[in-house]
Structure formats: structure tokens, C-alpha cells
Amino acid sequence: MDRTLSLLAFAVAASGATAAEPPALTIYRTDGDALFANGGSPVGDGYAIVHESRALKLDGGRQSLVVDGLPSTLDAEAVSVDLGAGARVLGQRVLSSGDGSLLSAHRGERVTIGVGSERIDGILVGIDSGAPIVRDASSGQVVYVRDYDTLRFGQGGGAPGSTLQIAVDGKPGSVSAMLTYPTSGLGWRASYSMRLLDGDACRARLEALASIANRSGRDYANATIKLVAGSPNISRGGGPHPVAYKAMAAAPAPESLPEQASLGDYRSYAIDGALDLPDASVTQVPLYAPGEIGCERRWIAESGGAWFPAKPMLAEGASSTQGAPVVSEIRFTPGENLPAGNLRVLTRDRDGRIEFLGDARIADTQKGRAVSIELGNAFDLRMTRERTAFSLDKAARAMDEAFRITLSNTGEKARTVTVREHPNRWRAWTLQSSSQKPVKQSPDLLEFEVAVPANGNATLDYAVKYAWTPKDE
């Protein structure tokens with residue numbers, strides 16, 4: 001019978017697969033939180049392309065080879081094997097531990113099991129509740145091994161994760177097999193820390209790190225890392241399988257900052273030197289050099305949103321809003337491209353300690369483009385909104401409405417509050433009057449800047465007129 005993938009169990013050749021050189025990983029940015037959560041089980045989030053070589057020994061002719069210790073989350077349909085000249089791949093199969101057993105990914109491999117003084121030599125055909133099921137090489141019988149002392153593999157090393165079985169035809173000798181495969185369980189995102197500096201002017205120190213998560217089910221030691229920022233379309237199937245994991249030594253710090261370049265429509269960041277990425281770990285490396293940037297503090301009081309009804313809204317509706325929160329916001333313009341990630345804003349308190357003000361997730365942001373971050377609701381600021389006038393003239397197809405905005409500030413510093421109003425009873429309206437001129441006006445927005453003294457109040461009055469035609473009714 002031809003010894004190719006048509007066999008359930010590959011014929012055994014005394015050939016193992018060891019790493020010929022350190023792996024190279026191209027890791028894509030991910031927005032999911034599962035990769036960065038605590039826990040050791042592989043996850044289906046994230047995406048990376050792995051390039052690694054394995055040293056294989058060919059006996060000549062047709063034989064089967066085993067490459068184990070691959071990620072539990074790799075894409076089995078996209079594994080590429082290059083054996084170079086003199087050998088060709090007849091077929092390949094990926095086995096994973098579908099039942100969670102470390103042995104499941106080694107089905108079809110030659111094993112030797114020690115049970116006391118007895119030795120069972122044969123092909124591992126399955127696992128039942130952790131017990132190996134072996135086809136004995138001498139008798140051909142299937143042996144169910146409940147308790148055993150030792151288990152040795154004829155090929156590979158029995159490493160956890162997925163196993164690649166390759167049927168090959170080639171000349172005898174040693175070859176360096178280049179493996180290229182995509183896998184989930186690897187991903188990265190940016191992690192930014194923005195510390196406000198002392199002084200009246202808004203200035204901050206911005207630090208940018210790349211957080212690299214590995215939940216793939218295997219370790220990557222001394223790996224060359226390339227990070228890709230952007231949002232390519234990724235379609236893949238399959239789910240993760242839980243495996244055991246171990247700790248590794250801390251990754252060495254890069255000697256210099258990543259080299260940034262274009263990669264098609266995306267951005268790439270080549271990490272200097274090599275890194276260890278242990279399974280079930282999150283490793284951080286600098287993305288940019290820390291630096292000072294200018295910023296702007298803003299406080300936003302907003303009523304409603306940008307919306308228009310299908311026809312004029314004539315019902316008077318609610319007349320007031322009491323004690324609405326005022327949102328604290330910080331705005332800045334980066335001098336570098338900022339890949340998507342989390343940004344934390346910090347400040348130094350009176351006791352000298354650095355304290356947390358708020359955080360937010362930012363999208364991919366090109367340099368020179370402003371970023372606005374909502375920190376939370378300001379404790380000392382509140383807004384009350386009261387309708388002061390309303391009249392409807394159906395015959396004239398006109399409607400007048402007026403409001404008073406009262407802002408209170410119980411803090412020790414004066415604040416300038418941005419008041420955003422959205423006249424949305426109908427899309428055709430005009431501003432009839434206001435106690436101060438708006439700084440911005442658009443078809444769905446009136447925006448005012450209102451100075452509110454410390455421990456004081458300020459008011460804003462405005463009135464609008466709506467008009468419509470018979471066909472709008």
C-alpha cells in the first residue's frame with residue numbers, strides 16, 4: 001500500500017523535527033479583549049502569520065514526517081511547507097487536541113508505552129478519557145492502555161498543541177523545512193499613557209507601548225516580531241482547544257524603537273532584536289519615544305443628538321432637564337500615527353502620587369488628526385435646561401421655541417463649558433436670538449462657549465423658529 005496520506009496511521013520513519021532557526025511572526029492588531037484577559041487557554045481572537053523552519057531528516061524515498069508543537073489555533077487549511085529542492089510534499093495533515101488531551105494531536109504516530117516491565121510498541125490510534133489506544137506493531141491488535149509508566153514518541157517530541165504530519169518523497173539527507181501558517185491566539189494593540197503636566201497650560205507626556213498577547217497554545221522563543229496596524233479583512237473558522245501552558249523567562253527589552261513602514265494599505269512596526277513570547281502572556285515593548293504634547297481640556301454639556309423626524313414634531317413635550325451631567329474631555333493632536341488601542345489619562349495629585357482620571361479606546365489615528373477622549377462626568381459641574389417659551393401657528397406653519405441653560409460650578413476653578421444644542425423638531429429652523437453668539441452653527445447643531453465662575457452659575461438663553469411647507473406635513 002502506498003505510504004501517503006491515504007493511510008490513517010503514517011508509516012514510521014526515525015525522523016524528528018527541531019527548530020532550525022528562530023521564528024518570525026507578523027502579528028496583526030486586534031480590538032478584542034479576550035486575548036489580553038487572564039487565563040491560560042488558547043482563544044480564537046487575534047491573527048498572525050508565522051514563519052519558522054524545522055530541521056528534518058529524510059531517509060530517502062517516500063516516508064512520513066512529524067512536526068509537532070504548533071499552535072492549537074493555527075488555520076489547518078493554510079499551512080505551507082517548503083522542503084526546498086530534492087524533496088516534494090505528497091500530502092499533509094494537521095491534527096489538534098480536539099478533546100483537550102495533549103495526546104490527541106499525535107494520533108497516527110509511533111509510540112512506545114511502558115507498563116511496568118512490559119513495552120507496547122505501535123501506532124497511537126486514539127485517546128479515550130486520557131487513556132491511549134494503540135495498535136500493537138507485532139500483533140496488530142488494538143490495545144487500550146489505562147495505566148502506564150512512560151510514553152515515548154518515535155517522531156517529534158510529543159509537544160502539546162497541533163501536530164503536522166507530512167508525507168514526502170525525496171533524497172536522503174537533512175533539510176530545513178520552512179513552515180508558513182496563519183494562526184489566531186496572537187494579536188497586539190497599542191497601550192497609551194497620557195500624564196498631564198503641572199501648570200495652568202494643558203500639556204501632557206504621552207507614552208506609547210505595544211501590548212503583544214500570546215494565547216496560541218505554544219511558546220515562541222527568540223522571535224523576530226513585525227506588528228501590523230490597520231484593519232484587513234480576515235475570515236477563518238475553527239475554535240480553540242485548551243492545553244497546558246508553562247512560564248518562560250522575561251523577554252529582553254529592545255535596544256531601539258520599532259522601525260515604521262508601509263505594508264500595502266497598512267502600517268508595520270518592526271521590533272528591534274528578538275523577543276520571547278511565552279504562551280498565556282502579554283508582553284509590552286515601546287512603540288514610540290515618550291514626548292510632550294499640547295492638549296486642550298473641555299467640558300461638554302449636550303442635550304439630545306443629531307436627529308430629524310420624518311415630519312415636523314408639533315407636540316410640546318417635556319419642558320425641563322434637571323442636574324444633567326457635564327462630560328470632561330481632553331483633546332490633542334498627535335505628531336505620530338497612533339494605532340488603535342487604549343489610552344489612559346493620569347495626573348499628579350497634591351501628595352505627589354500619579355492618579356487615574358479616565359481612559360478610552362481610540363481608533364487608528366493618522367498624525368496631525370485631532371483625538372478627543374471622554375474622561376467621565378465632571379463632579380463639580382451640572383446643567384439644568386428649561387423651556388422658557390413655546391408657540392405653534394399651524395395655519396402659518398411656524399413654531400417658536402426658547403430655552404434657558406443654567407450651568408453650576410461648585411469647584412475651585414472657573415470653567416468654560418461647551419454647550420451643544422440640537423434643534424430637531426424640523427430640519428428647517430433659524431436662530432432668532434441668543435444671549436451670546438454661537439461659536440458653531442450647522443443644520444443640526446448650535447454650539448456655545450459659556451464661562452462659568454468658580455463656586456458660581458452662568459446662564460444661556462436662546463430661541464429658534466421652525467417653518468415648513470404643506471408637502472412636509
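Colleague: At 25% relative accessibility, what does Arg397 count as?

Modeller: Buried means under 20% relative accessible area and exposed means over 50%, with partly exposed in between (1.4 Å probe, protein chains only). At 25% relative accessibility, Arg397 therefore counts as partly exposed.

Colleague: Good to know! What kind of model is this?

Modeller: Residues are numbered from 1 along each chain as its sequence is written, and side-chain values use heavy atoms, with hydrogens and water left out. Local features need pLDDT of at least 70, side-chain atom pairs count only at pLDDT 80 or more, and totals for chains, interfaces and linings use all residues; this is a predicted model.

Colleague: Back to Arg397, then. What value is its phi near?

Modeller: Most residues other than glycine have a negative phi. Arg397 sits in the loop between strand 23 and strand 24 (398-409); strands (E, at least two residues) and helices (H or I, at least four) are DSSP runs numbered from the N terminus. Arg397 has a positive phi, near 55°.

Colleague: And where is Asn222 found?

Modeller: Asn222 also has a positive phi in a residue other than glycine, near 55°. At 41% relative accessibility, Asn222 counts as partly exposed. Its place is within residues 220-229, in strand 15.

Colleague: Let's turn to the aromatics. What angle lies between the planes of Trp188 and Tyr269?

Modeller: The whole structure holds five aromatic pairs; rings of Phe, Tyr and Trp (its six-membered ring) pair if their centres lie within 6.5 Å, and planes under 30 degrees apart count as stacked, over 60 as edge-to-face and the rest as tilted. Trp188 and Tyr269 form one of these, with 6.3 Å from centre to centre.

Colleague: How many residues apart in the chain are Trp188 and Tyr269?

Modeller: Trp188 belongs to strand 13 (residues 186-196) and Tyr269 to strand 17 (residues 266-270). Trp188 is buried at 0% relative accessibility, and Tyr269 is buried at 1%. This pair links distant parts of the chain, with a separation of 81 residues.

Colleague: Which residues form one aromatic cluster?

Modeller: The rings of Tyr269 and Tyr288 have centres 6.0 Å apart and planes at 80°, so that pair is edge-to-face. Tyr269 lies in strand 17 and Tyr288 in strand 19, so parts 19 residues apart in sequence are tied together. Both tyrosines are buried. The aromatic cluster consists of Trp188, Tyr269 and Tyr288.

Colleague: How far apart are the sulfur atoms of Cys202 and Cys295?

Modeller: A disulfide is a covalent bond between the sulfur atoms of two cysteines. The structure holds one disulfide, counted where two cysteine sulfur atoms lie within 2.5 Å. Cys202 and Cys295 form it, with their sulfur atoms apart by 2.0 Å.

Colleague: Why does this disulfide tie together parts that are 93 residues apart, and where does Cys295 lie?

Modeller: The link is left-handed, with -105° about the S-S bond. It ties those parts together because Cys202 lies in the loop between strand 13 and strand 14 (203-214), while Cys295 lies in strand 19.

Colleague: Now the open spaces. Which strand gives the most to the lining of the largest pocket?

Modeller: A pocket is an open set of points on a 1 Å grid over the protein atoms alone, with protein on both sides within 12 Å along at least five of seven lines, whereas a cavity is a set where a 1.4 Å probe fits but cannot get out; lining residues have an atom within 4 Å of a point. The largest pocket is lined by 29 residues, with Leu196, Arg297, Thr347, Lys413 and Arg415 nearest its centre. Strand 19 (281-303), strand 21 (341-348), strand 22 (354-362) and strand 23 (371-393) each supply at least two lining residues. With seven residues, the strand that gives the most is strand 23.

Colleague: Last one: which residues line the largest cavity?

Modeller: There is one cavity of 30 Å³ or more, and the largest holds about 30 Å³ of space. The lining of the largest cavity is made up of Thr30, Asp31, Arg189, Ala340, Gly341, Asn342 and Arg361.

How values were computed. Points joined across faces, edges and corners; volume = space filled by probe spheres on them.
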